[in-house]
Amino acid sequence: MPPIVDIHTHVYPPAYMAMLRSRRTVPYVHDPAPSKDGDTTPRLIILASDDDPSIPIDQRGRPVDSSYSDINVKLSFMRRHGITTSVISLANPWLDFLEPADAQPWAERINNDLEATCAQSNTSNSSSDSPTKPLYAFGTLPLTAPTPSAIVSEIHRLKTLPHLRGVIMGTSGLGNGLDDPALDPIWSALQETNTLVFLHPHYGLPEEAYGANGADAISRSGHVMPLALGFPLETTIAVTRMLLAGAFDRFPKLTLLLAHSGGTLPFLAGRIESCIHHERKFVGADGSVVDGPRRSVWDVLKTNIYLDAVVYGAPGLRAAVGASGADRLMFGTDHPFFPPLDEKEPNPEWPSVTTNYDAIKEAFGDDKTADAVLGGNAVRVLDLK
């Protein structure tokens, strides 16, 4: 059977959980007192809205059970769904909240933790006749470090860790978005080392985007609008800002893997291109008039961009392939998010995973394109042999 590689699957490794437990401001992990049914599942308070004083602290945020931190649970999930290899990465909010002095030490510790986890799992779970190992990882960067040199240093160090295959980054970059000129040394180092950036959203759109009283709208519909709409649009806006700022002109070999099939970028690429073509004036970060981007959206999509297949529908996959190409789309699950709703069923299938499997089959049938999307592309792009 061809390999099945999950390139979008998250963990909160032990070092990260320990750091979050030591904090008392967002984000932090709280260990609640046992409930009536004995539940003591830790709670992650990840956004300011989660830390509402009117909500009892044992009910704030979201539960983060063992599937978030126990790698054996991850491996069991992989076996249940026929996944050969996973490329694990830290989930949001990464290290974007750390004080500058703490950023580099924690990045090194967490990346070493990821490397050790992969090495141990691969030694104990890989068979001699398998061309792939069970686990690889995307590292995290100390983006709040006081100088770019600290971030660049970690980018180079990650290339010495055998199981690290890139880095994960949020759309805020150093805090001012991905069109921030201060990111240029980071982009340069990533390009120089041929390091893939897994770009993932976190904050979504401002609450008011969802209605006159955005917070009330979110409270009525939960995470539907922020996750279904906010995350994809956040990614689309972030990459478009990079394009307009000429980042892909200055760093033509920089490569990004976009979460959730690039948000709405594949669908809106033609409209973005048309608007760029008709725009009469572009203004640089210093306020001066500058030339617009030299490269087209389509060129960037087919040269610098890879897309995951976490879109849950065949039409979205067809748009992704139409924009970037069938050789640039890779399977993912977003585990451990979107778990099964029937908690009583032992070892259930995850509908969030089977939906993506079904979408790939519907979009590509049983031909070689499906095999490439499910694993072949990731093996090639990430050098997983």
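This is a predicted model: local features need pLDDT of at least 70, side-chain atom pairs count only at pLDDT 80 or more; totals for chains, interfaces and linings use all residues.
Let me start with the second largest pocket, which is lined by 19 residues, with Leu244, Ala245, Gly246, Gly284 and Ala285 lying nearest its centre. By pocket I mean, on a 1 Å grid over the protein atoms alone, an open set of points with protein on both sides within 12 Å along at least five of seven lines, and lining residues have an atom within 4 Å of a point. Helix H7 (224-244), helix H8 (247-250) and strand E10 (282-283) each give two or more residues to this lining, where helices (H or I, at least four residues) and strands (E, at least two) are DSSP runs numbered from the N terminus. The lining divides into eight nonpolar, three polar and eight charged residues, counting Ala, Val, Leu, Ile, Met, Phe, Trp, Tyr, Cys and Pro as nonpolar, Asp, Glu, Lys and Arg as charged, and the others, Gly among them, as polar.

Residues are numbered from 1 along each chain as its sequence is written, and side-chain values use heavy atoms, with hydrogens and water left out.

H7 also takes part in the largest cavity, to whose lining H7 and helix H10 (297-303) each supply at least two residues; a cavity is a set of points where a 1.4 Å probe fits but cannot get out. Among the residues lining this cavity are Val239, Leu243, Phe248 and Val300, and by class the lining has eight nonpolar, one polar and no charged residues.

Turning to the sheet, we have eight strands in an open arrangement, ordered E1-E5-E6-E7-E8-E9-E12-E13 with parallel pairing, where two strands pair if DSSP finds at least two bridges between them. Its edge strands are E1 (5-11) and E13 (329-330), each of which pairs on one side only.

Within that sheet, how many of the six residues of strand E6 (residues 135-140) are buried? Six of the six are, buried meaning under 20% relative accessible area with a 1.4 Å probe and protein chains only, and both faces are covered, with Leu135, Ala137 and Gly139 on one side and Tyr136, Phe138 and Thr140 on the other. Four bridges join E6 to strand E5 (residues 85-90), with Leu135 as the bridge partner of Ser86, whereas three bridges join E6 to E7, where Thr140 has Ile168 as its partner.

Technical notes: Buried means under 20% relative accessible area, exposed over 50%, partly exposed in between (1.4 Å probe, protein chains only).
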